[in-house]
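User: I'd like to go through a structure with you, a couple of spots at a time. Here it is.

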Amino acid sequence: MHGRPRKAAKPEDEAASAAQAQELRALQSQLLSNHHNKIYTDEAQQLSAKLVQQNPESYTAWNYRKLVVQHNLAQSESDPDSLKSILDQELGLVESALKQNFKSYGAWHHRKWVLSKGHSVLDRELKLLKRFQQSDPRNFHAWNYRRFVAALLNRSEEEELDYTREMIEHNFSNYSAWHNRSVLLCNLMKKKSQGFFPKEKVLNDEYEHVHDAIFTDPDDQSGWFYYLWLLDQTVKTDAPLLVASWPAHESDVILSRNRRSDDSSFSPFDSFHSDSGTIPLILYFNQAVEGVNSSTITIESSFCTKDLNWKPLLQNNSQLSQVWVTHIKFPDVKPHSSEAYQLKISVGQSQGIISASGIHYSHPTQLAFKVCLRPIETEPATKKGGHRILWRDENFHMYQPQSQEPDEVVPIDQLIINDHEPTASNWRAETIANEIALFRELSELNCKIGKLTLARLLTAHDVILSPRTSKMAHSEEVLELYTDLIKLDPLHSQYYKDEHSLVLLQKVTSNRESLLNHCFSYKNLASSSIGNDICLRLSNLSLSRMGSIEKLLWVQMLDLSHNELHSIEGLEAMQLLSCLNLSNNKLGSLTALGPLRLLKSLEVLDISYNEIGSHTIDRTRYLCSTPLSHTEETSWNSDEIVTGGASVKDNWEAVLIFKSMSLTQLAIVGNAISGENFKSLLVKLVPTLEWLDGDKLH
Amino acid sequence: MGELASQKHVQFIVSVEKKKDSFESVVMEHIRMNGAYWGLTALDLLGKLHVVDVEEVVSWVLQCQDDSGGFGGNIGHDPHVLYTLSAVQVLALFDKLDVLDIEKVASYVAGLQNEDGSFSGDMWGEIDTRFSYIAISCLSLLHRLDKINVEKAVNYILSCKNHDGGFGCTPGAESHAGQIFCCVGALAITGSLHHIDKDLLGWWLCERQDNKTGGLNGRPEKLPDVCYSWWALSSLIMIDRVHWINKDKLIKFILDCQDIENGGISDRPDDAVDVYHTYFGVAGLSLLEYPGLKAIDPAYALPVDVVDRIILDR
Ligand SMILES: [Zn+2]
């Protein structure tokens, strides 16, 4: 089916082809007949041999051959010589079939099956493989077979590693050999085999090795992914760590139990409203972990916080998550008095928090924060929905820190709790610095992989050198590199754009001053409410992707409008969010809103002017929790009642997404999906809704 | 850029059935069940499924079923999961799953799960993550996923994950776009996509697009081929990274592989066409939102309306 030229068949070819076809057809029907009647005569055996050589893909013929071998072995009465000759003969047959079609799954499996009977000379297999692999060094069947034979032979991983080196030295453009090398090396380093420990020495050698490939022909991809793997081995920390929390360490949270408080004497960054006197406690790890529960997280406080229910913030039923949340309810105090509570959270004091790769959390961490319950104001509580949030520029004013020093306003340093492993970082920093110097040269030659690798190295450098402050000293240079790449490699421009967005967000969130530039006080002049809300405005930044969420856990009002976001993955960690503006982005489907289902405080949502309903292919169909991925049950019948007749099956995404939200304001105008029927469905699905597309509902 | 020669492709697909005597079709006779799935799904995407005789197809499919419950690639051939899934998919297209003894088919597939969670393709024990996908997709379509140990099945697939973010057919085996589709698809159907490093895999997959032709290859430093418009593209969609490739250039590549005169699509421009590449070309265009085609589901490889009907409409 591959690589045959398209040409009109000549009559004489057609005749020849028909004759061939007739012969093959006769063979095939005779084989099936023998197979069904369990005929294993010499003649029948020869016929099947002839067929698998002519058509090595004929799997039923191989199955028949297996029965033949079993039949013959049973006849041989365990005479070792005849056993061996039966199996050798079969191996010979497979060999000639493979010469006919080197990619036949059936032939390769048949060979493994014969070998698994024992009695065969395995050294011969390696010689055969060498011949095959010289003629096609990338054939993945041969490489798989090689791993199989090496295991049968108990060949050492060192020997196989030497073989990959041999193959690469013969021709570095051999991705298969690089791949096998990464598998073998990884095992050897894990086992700390002699010569493969410490890993720093090994990695340095491998860097040298892969440089040869990349610098000889930078356009050849064979070494690209191997290099990225080395970089990952250099930079990443295997151990799970806590990187951020809300409330942050050493913060003072003001908890008010009614909505609008116009007391501006305290920092709005840490004030939080909850009618029920409850705050979320969010833990953000460097990787997905499981085992976060009330025995691995202990809380010291003056009131009872036992048996808290910890939930993974995920769109499926997994118990493996990077972000976890629980809710702490404070005791009911007299409405007019204020009360302060000290809380001490210990993470990982007792074992049980564990990463996907099975590594235990081994850096017990403590965070302490104070929560001050404000007295309840006498005036009647007003819901946010009562005052419509208007995302107009005139309602936003640059935030001016008031009584306090600006230093203490944005809780930025406190977010990063851990820095660790100071010993290993010397080698890491040195290695990265060397690599940066090398790739700077390649980058200047206007070479794609040179620029991309340099950008990755500089980012890694910044992360390694300043884990606490995340100063991102090179972010300007990295942003420029991605801008260059967008022009240099337009085919993948969106990949570079996404990377550009991530770096830009790292830069914005890297220090207090730059973050303050995006903080605004929201005051709706038209309404009587005197808000004390801080809005983080990240609008008009050409963001195609969200990132640095761990720095933004405190945000309650977020403006991401006028960007190019098609995904809001990660936003589910922002558990404090109550107002979110996503208008004028590129969200392409309802399932793309999946993360919002986990935001229980969300009341005001603007998704106007996106692309919801304009696409036939839904790219988040399997990332959102749905019945298609068995992460959500269907209960259409009860939904049918809710929607009052509108077809649930035709609108199942809307039902899934909106049913679990308690929005008071929603704007959806400017999406293909948003017609009158859809809007009336929304009104039924979200009974809390007071404003829809700027219209008051009741 | 040319346009999709839909009418010609329909004619080509229908005519393949009638050319049973050519050498190619005899060589492929043992995978006729796959061929039926490719051809009929392509017809459905092109909006022309009604040109075939449903009863004829259904009765032929049932004749390929073995006593074990599994299906062979053609009448008289041994059962194997490869053809069992195709049989179920073909019946799904026609909304005819009710002709099956579902319990029996599901038992055949579930019975092939091994202790380590992997799946054998048939009684002879070949193990491959392709078979994991097939078993999971097939059982899900039959609403019988509870017959296997899903957790173990997922863990086996994860043991085949590589350092480049991709997946191979067994632990340690090299990443390959076809294999990646199978593993990502199986993880998608079981709600387990969070185990994938989407950025790493997404970069590997988007680098499959060739600068010169716009086509996608299946592994680094290999030639582009229309069938990877399906394998790589569907994977990119499931992990929401499809914007990292250039859609227009890929559309052009697929259209360039059409035989405008006689219908059909080939692996590369000016090669001989076949049903396999015709299906993957059309399916790829559907994923690229080419106008006039029905939408295809990236995980089940069936039209979206068929999947929704089966999975949601209980
Ligand atoms: Zn192909």
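User: Which side chain of chain B does B:H243 join in a polar contact?

Analyst: First, this is a predicted model, so local features need pLDDT of at least 70 and side-chain atom pairs count only at pLDDT 80 or more, while totals for chains, interfaces and linings use all residues. Residues are numbered from 1 along each chain as its sequence is written, and side-chain values use heavy atoms, with hydrogens and water left out. A polar contact is a pair of N or O atoms within 3.5 Å; within protein, one must be able to donate a hydrogen and the other to accept it, and residues adjacent in sequence count only if both atoms are side-chain atoms. At 3.2 Å, the partner of B:H243 is B:W244.

User: Is B:H243 buried or exposed?

Analyst: Buried means under 20% relative accessible area, exposed over 50%, partly exposed in between (1.4 Å probe, protein chains only). B:H243 touches A:Q494, A:D498, A:H566 and A:R619, leaving aside residues up to four places away in sequence; touching here is heavy atoms within 4.5 Å. Its side chain also has a polar contact of 2.8 Å with that of A:D498. Because its relative accessibility is 12%, B:H243 counts as buried.

User: How many residue pairs are in polar contact between domain 2 and domain 4 of chain A?

Analyst: The domain bounds come from an automatic or database domain assignment. In contact there are 22 residues of domain 2 of chain A and 24 of domain 4 of chain A. For polar contacts between these two domains, with both at pLDDT 80 or more, the count is two residue pairs.

Technical notes
Chains are lettered from A and ligands numbered from 1 in the order in which they are written.
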